[in-house]
Structures are given as structure tokens and as C-alpha cells.
Amino acid sequence: MRSYTLIAPAKINLYLEIISDRPDGYHELAMILQSVDLADEIYLQSLDTESICVKCNHPQVPTDQSNLAYRAAALMATKFPQALAEYGGVEITINKHIPVAAGLAGGSTNAAAVLMGIDLLWNLGLTKSELEELGATLGSDVPFCIAGGTVIATGRGEKLSPLPNLDTIYIVLAKYRSLEVSTAWAYKTYRQEFGNSYLRDSENLAARAAAVHSEAIVKAILNQDPGKIAAKLHNDLERVVLPAYPQVLQLRELFASFTGVLGTMMSGSGPTVFALVESEEQAEAVKLQMRAVIPDQDLELFVTRTITQGVQVA
């Protein structure tokens, strides 16, 4: 039996700006996405039958057709039926380390790993661009999880332009295990409350470019300046999530009050909040400070760092 193990990293948003509505019902976005070394392990093994099987060590992760990793395998089976017939189906085992429903692209990075793993299992020889194109049909974050590193993402998040890779910046992540924020709810609520500020002339490229305010943080990334990057963190979705979820707001306020924290923000639609720090020692100290203030074991805390790649073969 052929098999592969892949490492599937999480992501954080360093920047998230909502520009306008799109005809497909999504939002036109400008984001800066960053891979971190907190990662799931995905084990793929070929099967004698043409079936797809998903297993996971985390009780909250579904193993049926609603799982994005399952849908990734089903997509490959539909696109490449001859390879499915020749090599057989696949058993997917997900060893979760990324917290579930956290705004860290855990499901998307698992799907990205399945696309890359099946490409290898079936000897398809797809390019990274071809895999990203397939991934975009599954979810907006999947192409980035394949590409990894530091990128500007536009469109609904699937159009990627690489930035210089950030040198190692340490990050503390905080997420209440039992707390979930619906991404669909966050964007819908933002549209209801702030839709009157959207760019309306969406076909005017000059107007669209002028509406994006990410220049300052991009410059800080180009200069490899962690302090200025931290000062320019921005996430429009905080405007609706923080008032509705006081626990998320509390985490953000606490991180901001701790010595050594360069900057803090909610990632994606939440509920994970992250803090940027300059060293691993400072990250561990900030983690200890947060645990001392909130001893509740429902609060998960992680120390991670920026990395330069997306999904990789172990």
C-alpha cells in the first residue's frame, strides 16, 4: 500500500479589509495571510477499493462528506476517474493539533494536504498552480494553505501574490475550546452594519485599488520590521465579533496589556486572538501571564512562529 504523511500548517491573518460585495455573494477582500508552524498531520494511504475514508483523533471533527478533507478527495476522484480506477481510493487520517473552528484555516489546510497527497499517490504530476486552482473550488483559504508563507490575498481570498517571507516572529494564540464564531454570521453581520461603506463601482480597478489601505503593513513586511507590522495589524471583522463575543474582546485587551507584546488581533472571523512578540522566551512568558489571569482550562494557549511554507510532505 502506498502512503504519504503531510504536515498541514495553520494560518493567521495579519490584515483583513472588506472592500465590497461580489456578484457571487462573497466579499471582495484584501488580506495578508501568514503560515505558522502549528500544524496538523495528515496520513494518506491507498485503498484496494475506490472508496474514501476519513478518520480523526478529534471528536468535534466530522468524518463524513461534510469534512473538507473528504470533499477534497471526492473532488480529485471526480476530476481524475482513471487515476482512481488505477490506484484505488484513499484512507485519510487526521491528527489534529490546530484548534477546531478557530479562524486558523484548520479545515482548509487539511483539504490542501489531501489534494497534494493524492497528487502524489496517483502520480498526477500537478503543478502547485493547478492544485491551488482545484483548492479554490473547495474554499477561499485552500489555495493559500498550498502556497504558504506570507502573501497578499485578494478576490474572495483565492488570488495570491507572494510577499517576502517574514523572518521568525513568535506568536501566542489564545482560543476558548468551547467558543465558535460562524464565519458566515460574521460577514453577514458586517454587511448589515457597514455595507453602506462598500465600494460600489466594483468594476473600476483604480477605485478598488484606492479603497485598499494595506500599504503601510506591506511596507513593514518588506522592511522585515516586526514592531511596525504589529502596529499596522488590522481586521475589519473585529468590528462585529468583539462587541458580540466579550470573551474574545477580553483576550485581546489582556494581550495588549502584557509586557513584551508588540501587537494583538483576532485572526479571521475568530474566535482565536494572537499576540506578536519578538522571541520564544517572551512568547512563553506571555502565555504564562495569560494562564495566570485566566486559569480556565477551556482556554487553549499555543506558542508558535511564522514559517515560510504551506503544506509539506513529512
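Let me start with P271, which sits in the loop between β9, residues 263-266, and β10, residues 273-277, and please keep in mind throughout that this is a predicted model. The peptide bond leading from G270 into P271 is cis, with omega near 5°, and that deserves a second look, since most peptide bonds are trans. In the hairpin that β9 and β10 form, six residues lie between the strands, and G268 takes a positive phi near 55°.

How do β9 and β10 pair? They run in the antiparallel sense and are joined over four bridges, and within that pairing T264 stands opposite A275 of β10. Strand β10 also pairs with β7, residues 170-176, again antiparallel, through five bridges, with L173 having F274 as its bridge partner in β10.

That brings me to how β10 is placed in the fold. In a regular strand the side chains alternate between the two faces of the sheet. Here V273, A275 and V277 are buried on one side, while F274 and L276 are buried on the other, so that both faces of β10 are covered. Because five of the five residues of β10 are buried, the strand is largely enclosed by the rest of the structure. For context, the unreviewed UniProt entry lists residues 218-293 as "domain: GHMP kinase C-terminal"; in the model that span is 58% helix and 14% strand, and its end C-alpha atoms lie 34 Å apart.

Now to a helix, α1, which covers residues 68-79, has 12 residues and reaches 16 Å from its first C-alpha to its last, close to the 16 Å expected at 1.5 Å a residue. Which residues of α1 are buried? They are L68, A69, Y70, A72, A73, L75, M76 and A77, and the elements that cover them include β3, α2, β4, α3, α4 and α5.

Finally, there are two backbone angles that I would like us to look at on the screen, given that most residues other than glycine have a negative phi. N123, in the loop between α3, residues 106-121, and α4, residues 128-136, has a positive phi of about 55° although it is not a glycine. Q224, in the loop between α8, residues 215-222, and α9, residues 226-231, likewise has a positive phi, near 55°. Is Q224 buried, exposed or partly exposed? With a relative accessible area of 27%, Q224 is partly exposed.

Definitions and conventions
Residues numbered from 1 in each chain as written. Predicted model: local features only at pLDDT ≥ 70, side-chain atom pairs only at ≥ 80, totals over all residues. Heavy atoms only, no water. Helix = DSSP H or I, 4+ residues; strand = E, 2+ residues; numbered from the N terminus. Buried < 20%, exposed > 50% of the residue type's maximum accessible area, 1.4 Å probe, protein only. Expected span 1.5 Å × (residues − 1). Contact = heavy atoms within 4.5 Å. UniProt positions renumbered as here; feature names shortened; annotations may be inferred. Pairing = 2+ DSSP bridges.
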